[in-house]
Amino acid sequence: MYMKRRLVFLSRICLHSIWMLFLSMLAFSQSRTITGKVVDASGQSPLPGVTVQVKGATIGTQTKVDGSYTLNIPGGSVSLVFTFVGYKTTEIAVGTSNTVNVTLTADVTALKDVVVVGYGTQKKQEVTSAITSIEPSDFRQSGARNALDLVQGKVAGLQITRTGGSNPNTSPAIQLRGVTSLTGSMSPLIVIDGIPGGNLDLLQQDDIASISVLKDGSAAAIYGTQANGGVIIVTTKKGVKGPARVTYNNYFRKEYKSRIPKFLTADEYAAKIASGEINATDKGYRTDFVDLLVNHDNLTQNHNLAFSGGGEQSNYRASVYYLNQEGILKANERQQYGGRLSITSKGLNDRLTSQFNLATNFNKANLLTDGGNLQGYYTFNPTYSPYNPDGSWYFEQTSTNELARINQQTDIRQQQTTSGDAKVSLDIVKGLKGSIFGSVTRDSWTEGGYADLLSELSVENYDSTGYAFQASFLNIKYAVEPTLEYNITVNKNHNFTAIGGYSYRYEVEQYFDANNYGFVNDIFQENNLGAGNMLLTGKAGMSSYKNDNKLIAFFGRVNYNYKDKYMASVILRHEGSSRFGANNKWGNFPALSVGWNMRDEPFMQGVTFLDDLKLRAGYGVTGNSGISNYSSLVTMGTGGNYINPDGVWRQTYGPNKNPNPNLKWEKKSEYNVGVDFSFFKGRITGAVDVYKRITKDLLENVTTQLPPFVTNSIYANVGQVSSKGVELTLSGIPVRTKDFSWTVDVAFSNSKNTLDRYSNELYTIKYQSYADIGGYGALGNAIRTYEGDRIGNFYGKRFAGLTDSGDWLFYKADGTKAPADQLDSEKDFAVIGNAVPKVYLSFTNTFKYKNFDLRAFFRGKFGYNILNTMEMFYGSKASLPSNVLETAFTKNGKITGGYQYSDYYIEKGNFMKLDELTLGYTVPFKSKKTFQSMRLYATASNLFIITKYTGNDPDYVRDTGLKPGVDALNASDDRTPYMGTRGFMVGLNVGF
Amino acid sequence: MKRFKKIAVYTSLALLPVLANSCTNLDEKAYDTLLTNNFYNNRNEVVSAVLRPYTHANAWITPGQSGWWRLSELSGDQLAWPQKGRHGYDNGQWIRLHYHTWTVDESTVLNCWNLLWTGLGFCNDAIGNIEGRDAAKMGLSQEEKDGFTGELRLLRAFHYLRLMDIYGNIPIVTTVGEPVSPETKPRAEVFSFIEKEIKDNIDKSPNLSKALLGRMSKAGGYAMLAELYLNAEKWSGTARWDDCIAACDALINSTAGGMNGALALDTNLTDTYKPNNDLSKEIIFSIAYDYIISNFAPQWPGDFYHFNQGQINGNPINGNDGVVVIPGVYTTFDDADKRKKEWLLIGPQWKYGSNGTDPVIASGGNEYDGQQLVFVDNIRKNAQGSTVSDMTQGEENSGVRFNKYRLGPLTDPSYRSCDWAVYRLSWIYFVKAEAIMRKNGGVATQEAVDLVNTIKQRAYSAADWPAHAYTTATLTMDELLAELGREFIFEGYRRQELIRFGKYTTGTWWDHNASESYRELFPIPRTQLQLNTNLKQNDGYPN
């Protein structure tokens, strides 16, 4: 049997060879040369890289960058086949003319064809899970401060919130399909070109080829224990076969203040002193303090230069960039440069493929200002001056002169991040491929700062002797992942693809810092720490840490495909983490998903408007290992120095936590059902997904019996959160003519996220409270979540009016009114709002007219509340004589009581904003000898917002995690206040 | 090619067992953390564990955190933390302490519970580890080992004493983690346990000496017995006046050592509170600080000091403008009483060293921003001309302020290093005097008068003294309570005194009215009651 099959195979090869020989002989005798140009049907733009082949022969070529090709074809009746990824394959019979021009139409049914999934790619048609892939043309274009800014609002269900506004030194909060953890990592796993836990600093927007978001558990399970927050897979651009190509992209951006809170101006404030409404001293100055902190000359610029090309065996792409971002506030900048290199090459008769990537980023950040300095200056008596009459800085013990601070202090961080990875694959036998992938990412920084002898910090805290510090940090991540892939087709129609692998990941992190004071002058700054006096007296500080963790996994996936009609995918990952208790280090993470392409079913034949319709359903289990290292060990912690019998003061040690040897994985199981559709020849395409996810065994620091334990909390698996929701992605092309097209893209999501449980058989928690309001009066937490409640419930007093003298009254449980101190927080307080938006909606309108394109991107959040602490703290006379908002005398003018947290300050947060407006022009070059393409564009970001909310820009208020919804200028509870901005930028993309 | 294959095969065969082992090894290596199993191997490690409860005691026995001190003083008739404009409302917690309207969910009450039991846990953990190890293996002699465990057992008894003071009926736990849900014991049983522990260990513990600065000792043990017996009538139901007097005598006669020579009264009334009060002769047990050498400084400035207080003292230490003296208390000090001037702060404030020429200007955007800081003996909104005086009506300068302990100016060689006295000999004099009077039916004897006068006399000049000396006729029980207040103001004992004198829940002061009698005990925090069903709530409080 075996011999026979082999003979058949050999004879087939012989036949082919003879036939091809024959054909080429023919070509030799009667060939002619065909030329032509291939263009895109919608924009009539040239398509480079299209494969042009003589049907049934091995003769072929590729189009050049201008879309042209030249091909020698044999005589006789010949057809040419034009194939290009993302376009319909077109076949044209060659007539007598030697010119064959072709217009290719996009293959909407292929839906961008190939999608990156975990450990591989899949044809879009075969995907059985909820995966959204975003290409560069859809990226937000307002100048990303972080790679994920590019897809903000573009992926239904993925929340990206810039709580730090346009501060270039902050990262956005990222959350997919709601909260999945209480204390562990909530962010999605980032995978860059196969590197798990990739560093976003290494991504520049011009280097990204696609961003793929694995939303549901059935897709993410292949990443096991780090996939509870979803997985975002970023693929960078690679070189393609063809002549060398150079692209240069840049943009310049300038930012302006927007939505500045309306504090009293100096004149208004002085008038109120004069009229007796404010009891304060008018020092005679008229100062706009906050404006002194604004960098009116801010300019951000980005340059990216890339070279790429390749031949039959190898190709390359190399890029370098420079990006200098200046924030709207002074002393708030980030300057970075670096590069990315990728080489692919083939050997051993194309059986061996190797791919190498190297990326690096150098950045220098000025961290002195982050917006935390705004509060002090907004509230400062504006009749004061930042200077004394003699020109020296004005200091007082209880405030900080922020202008002096940015002039007399420094805080600079210099960081370098590098990643290198290599993947070598060998086709062992037909259908069987073995690969080994290895990567290392090294992230290090040093930070240093100094406060002058005469700076306020030094004068008030360090005896006017300066203050210097340095810190350094190093994190290295290693990964080694060998895999075996096997592909087999049984009985023609049953296609199996399988991958199995092992993953070893090790991460080690260390840190060191030192500080000193007692300097004689400002010469050394932080560059000679030992020169300060305080080493001798023990006041100089020093600390360091080092810890590591390991993740080890075995994983596998089998995909089954029957005639592209019925698909199924099975995943199993067995993974262990060093962080967990001795009894529970390992966990299993299975997944199953199925898909059904209905278009090819006989009963659908008559439905002509339908291009494509696919049903998907999946179930998957993932985990979360994003907890602190050494969480389960019995350890001793330092307790501060105390005097020993010999009179020497030495460190003391005592138990610092209650050990939990049963610490185990948080596990999420998720169901997802979805439909992908395309109607009317691609005029309407989209996907709908419905999901329900339950995360069990959530880790929380639960209160434990004290006594008998030493501390009152233990880190234990107690909680359960769940979320369910609907996500809709829709694209429509209402108008499409030769010169004009209008495209609309919509992303919609609705979700409900509840905290089901806090208890296990040992521990019970009735509720947890979150979101420390901070500021004056220690008002406590704004959010309290009982078991079964939605995440983000504001819990507090209910406003019942004011007394005649303007004091607060609130409702008690029985409906009577009472002053604040007579309310019982357990009985009389109530749920007064919710901080998590029920609906996220964004839509993009893209208009193209000839060479012009215009894009308007709107983004909004609906169905939620915000605690307006701006009004609470600054719109109140209780704040006087600190400067206050105008509303302290208007809207809230009657209130005389102190700060109280109640529903009086809870407002609707609903908003819709014009996030981006871009006008672009593509220069039509007749000759493509020097320039092959050029596009100029101008973008305005955050042009306007429609909202009834009266505080800061609601877009910057945190809506992810467990402590959302508190708008504030204070930095309590990890909030990162910043100044609202509106940006304008111009950019240029050129290809040579 | 063949050779390559061979090499590949052999290499992979050789690597296989190595891979199989290291491929699945998930042990953790602790680089910067100490594992308990690997501790107590030498003397220094043992000492570091013995001393851990002391640095923690700073948190609950001194002002600055919600521990024993705040519950004891802010619910009494001398001190309060009123709301001052936009500051100090703090969720009403200070207001409820003052009005005796705290709830079972009160964070101050829960925090005190947690701090005290954690400190007790440090004792239990160290006792268990040291007692369970061989002395030689820890590098100790048997005597040293017994000394450490004796000291730790006394210190544990001290934690129980203060827990019993606040909560009354509590569990008794001597081993970490066992049992998981210990049951409440009646106060009398806790009393007996404490008494036995002290008696069993007092002779194993070392005498007080300079080497035991800031630590529990035999002398501390006697002071604990004095406190225990003084309150025995309330705590155990049986008066123990003779036992109390005996414990006091052991200290008055200096039979258990002293920190600086024999235990003796400080002659100058500021000596006990000055920056270098480690030289005090009368301190029996204290929390020791040394900012200069060890960066360990008192935490109480946070509670007592105004936002600009540092300028008064010639240092950069300011506070949260919190605790003040209740209106009317200041005037109970006679003008001739030096304690009035030395320990309290009132009137216009001047910068350190300026001799009343350079005013301290209030800053920070509060009521008197830009004006001289003037502390007043009232709590009302003077800036608005208001005469309403209650816990919500304060301003930044309201109330007479704390000035008892001194940090010293920056230039002081003992700057920020004054120890906090938990027990001092003057207090033992008063304890003995009170025991004698109570034994005598609440009437002073000459011995009692002499004991009190010995202390009081320090506060008066020789010329003023005869007019202010007590006699057996003038030293009534009420006068003893008043004098206790004057001598021990800010020291944490006020609640205990008021309860002993029957005034805590019946008395009225300033805007405070009488409260329910069950308020003599604080409630068991609700979170703990819910976790541990073997705990029993104190009478009067909801579960």
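In this predicted model, 72 residues of chain A are in contact with 77 residues of chain B, contact requiring C-beta atoms, placed from the backbone, to lie within 7 Å. Among the residues of chain A that touch chain B, 26 are nonpolar, 34 polar and 12 charged; Ala, Val, Leu, Ile, Met, Phe, Trp, Tyr, Cys and Pro count as nonpolar, Asp, Glu, Lys and Arg as charged, and the others, Gly among them, as polar. The elements of chain A tabulated below each supply at least two residues of that side; helices (H or I, at least four residues) and strands (E, at least two) are DSSP runs, numbered from the N terminus.

| Element of chain A | Residues |
|---|---|
| Helix 6 | 456-461 |
| Strand 26 | 541-562 |
| Strand 27 | 566-577 |
| Strand 30 | 635-643 |
| Strand 31 | 649-655 |

Strand 30 of chain A also pairs with strand 1 (residues 34-35) of chain B, in the antiparallel sense and over 2 bridges; pairing requires at least two bridges found by DSSP. M636(A) has L34(B) as its bridge partner.

Within chain B, helix 7 (residues 142-167) and helix 8 (residues 187-201) pack at about 155°, with their axes 9 Å apart. The two helices of chain B are therefore roughly antiparallel, the term for angles over 145 degrees. Their contact has 10 nonpolar, 2 polar and 3 charged residues.

Local features need pLDDT of at least 70 and side-chain atom pairs 80 or more, whereas totals for chains, interfaces and linings use all residues. Residues are numbered from 1 along each chain as its sequence is written, and chains are lettered from A and ligands numbered from 1 in the order in which they are written.

Terms used:
Axes fitted to C-alpha atoms, helices over the stretch in contact; angles between N-to-C directions. Parallel < 35°, antiparallel > 145°, perpendicular 65-115°, else oblique. Contact = placed C-beta atoms within 7 Å.
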